[in-house]
Amino acid sequence: MKKNHYFVLLKAIVITALVLFIAGAICKVTVCRKAGAFQNDPAITILFSMIRQPEALKVPDTVVSTPDVPPINPDGGNTDNPDDPEDPSEPTDPGTDPNEPGTEPPGNDTPLTPHPVERSYFDDALFIGDSRTLGMSQYGGLDNATFFADVGLTVFNAFDVSLDTGNYGTVTLSQLLSSGNFSKVYLMLGINELGYPFESLTSQYLSVVNKIRELKPDAKIILMANLSLTYNASVRTSYLSLDNINKLNSTIASYANGKDILYLDVNPIFTDENGYLKEDVSGDGVHPYGSEYVKWVEWLCQNGF
Amino acid sequence: MSFNDINFIFLFLPVFLLIYYGLPSFCRNIVLLLGSIAFLLVGGYKNPIILILPIAEIILAYLLALGMEAKRKLALPLLVVYLLGAFGVLLGFKYAGLFTGKSIILPGGISFYTFQLTGYMMDVYRQKMPPEKSLLNFSAGMLMFPKFLSGPIVPWKSLKPQLESRTLTAKKFDNGLRTFIIGLALKTLVADRIGGLWSQLGAIGYSSISTPLAWLGIMAYSLQLFFDFYGYSVMAIGIGRMLGFELPENFLFPYASKSMSDFWRRWHVTLGAWFRDYVYIPLGGSRNGKKALVFNLFVVWVMTGVWHGSTLNFLIWSMFIFGLIVAEKLSGGRFPGKNPVLTRIYMIFAIMISWMFFAITDLKDIGVYLGRLFPITGKFSGAFEGDFVFYLKQYGIYIAIGIAICLPWTKKVWLRLRSTPIFTVMLFILFWLSIYCLSGGMNDPFMYFSF
């Protein structure tokens, strides 16, 4: 037996590691830096991260946005298309508290306010969201509604995946919106994407809203605030903080127009006085217990449009 | 810093190995000592106690052991001083959290090096071996990073000759590397994949899961716990081998055992050996009649429960096992008997239920979970229809793989084929697959699932 066959595996690993390192370092300072992605990752795993999350490499400027949508102004107020019914930006009103359920920007003549509804109201409701929405479909007891939800669903992949929707079969979101009979579409996404550059996230969120509107021109779109997290969960990461979630939610709230794009925030029934999810509501700090979803659904029944 | 960490695998370990192999052989123990200190500092620089405490205990043990030999009359008092100090500190850290209400993190490795050092002290006291004269060898052996954080607990008798003389060969290195990769794959590709299920059940809340899912859950937890610890132990052996050491096996296919007594000779072998050599046998073991046997086992299992954790559920766990072992030992062989099928069925249920007590800290939650396993009474908030199938689809393949490879046939295959070209390719793939999975967990605080 030749002695050097004992080093074959080691050599193979070392050579591959060097190749990955060099390629990763190059990508990190070129492609990734432009998109603001993976800047904290070690060079050797950059290529893996790029394979796993290709959507993170989309540069904010090149994210698809429909021509009607003006640039996002986080301070609210947009003077370009004041009469455009699809304009989701908020007229300037710094007094709007996005954490108050059912608060609508008062700039419109007759803003819709939420009111109690029967369960049958949700017969033609579509809920789009991530694992919290999935949890609601499983434990909330609202079996007459339709759910398009999955663990890890994001604004970047919402239109790329096929999911089992029960009555409508396994379809993409486009197919579901085109063929389904929905008069209200609930959307709760964003928290999965908080690790991405904020502008990239919000711009993509907006394009999702616009695409829903395009496929379902007559439905009410109800944007839901992302659920908060417990204090213990917030200390575990940097980007998953209450501040970031609140910033995201208030940006989402600004997209509502009080007429056909509305905003709801369920957090007050689950959070403490500081805005953190109460510890006894969640096992892992970010998902409510199965038994809590019933309360969420009951709250939705009190807040229909 | 742990072994399944990108920085450890691509930064610390290569640099350490280059220095270790590059310098002449008489430097190796110094390099090992300094490297282990660096390992602890990198992982625990925010909490230097992780290094200061073991170094203090090592130096104290070194000096007191020499003192025991120099003045035999003082041997017992010196031993008692050391035991009180070492166990006092260990118990202090374990229970401080309960008394102060704050959650205090145990300094890494403390349960392991406390046992390692006290075992040494007791062997010197009983004059089973002379005290170690070389402080360098002693501290290198006690602090060495392959086994510092999670064992195996190695008796000084088997460590000493290896510290004094060991050879490095290409074959050993290659062997160690392959072993390390297998351990990494077991932890990252099996344990971490299966582990998501138990976390998700915790997030759902035990009162909202169906009975089949409850059983699937503890089966998954049993596999996750095993592959996690087993994988880490295999990594430790692999690294040790790359450094010229033969560290002992900690797991001998425990899930193939036919009785609880047998199981605990195969699970965390070095811990069981420690309790046997330093508690059970000194107390008299089984030599003084049935009552003494039961009492001695009781002491061992109370200590085992406390060693594993400071909350009450660990005592319930260890007493559950104690009960089964006593029943086995007093039954004269009738329980659980010798039938290969019945004994295995007994063990599967006994193990899964015992791990349930181990996994759940809150006693009320234990009650809820038992109610889900055996749905006679108990809190049930309602599960969603098809929850068992839903999670089986997600985790079934990993659970099936886990069950398949936790049996002895894998070791036979491994020993015969590990150096063949096919296995070389397989290990290369497993390595990078593991790194891929590790890199995915880096940014995700909730490693098992993006949400």
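Let's start with one helix: α15 of chain B, residues 340–359, has 20 residues and spans 28 Å from its first C-alpha to its last, close to the 28 Å expected at 1.5 Å a residue. That expected span is 1.5 Å times one less than the number of residues in the helix. Helices here are DSSP runs of H or I with at least four residues, strands are runs of E with at least two, and both are numbered from the N terminus. At the start of α15(B), a side-chain oxygen of N339(B) comes to within 2.8 Å of the backbone nitrogen of V341(B).

A word on what you are looking at: this is a predicted model, in which local features need pLDDT of at least 70 and side-chain atom pairs count only at pLDDT 80 or more, while totals for chains, interfaces and linings use all residues. Residues are numbered from 1 along each chain as its sequence is written, chains are lettered from A and ligands numbered from 1 in the order in which they are written, and side-chain values use heavy atoms, leaving out hydrogens and water.

Now turn to chain A, which holds eight helices and seven strands. Of its 305 residues, 54% count as buried, meaning under 20% relative accessible area with a 1.4 Å probe and protein chains only (over 50% is exposed, and in between is partly exposed). Among contacts in chain A with a separation of 6 or more, 63% join residues 24 or more positions apart; a contact means heavy atoms within 4.5 Å.

For a closer look, find S254(A) in helix α7 of chain A, residues 242–254. S254(A) is buried because its relative accessible area is 10%. The side chain of S254(A) reaches the backbone oxygen of T251(A) at 2.4 Å.

Finally, see where the two chains meet. Chain A brings 40 residues to the contact and chain B brings 36 residues. Together they bury about 3,300 Å², with 71% of it on carbon and sulfur atoms; this is the accessible area (1.4 Å probe) that two parts lose on being put together, summed over both. Y6(A), L9(A) and Y139(A) supply 21% of the area that chain A buries against chain B, more than any other three residues. In chain A, α1 (8–35), α2 (46–52) and α3 (131–139) each supply at least two residues of the side that touches chain B. The largest share of that side, eight residues, comes from α1(A).

Technical notes:
Polar contact = N/O pair within 3.5 Å; in protein donor to acceptor, adjacent residues only side chain to side chain.
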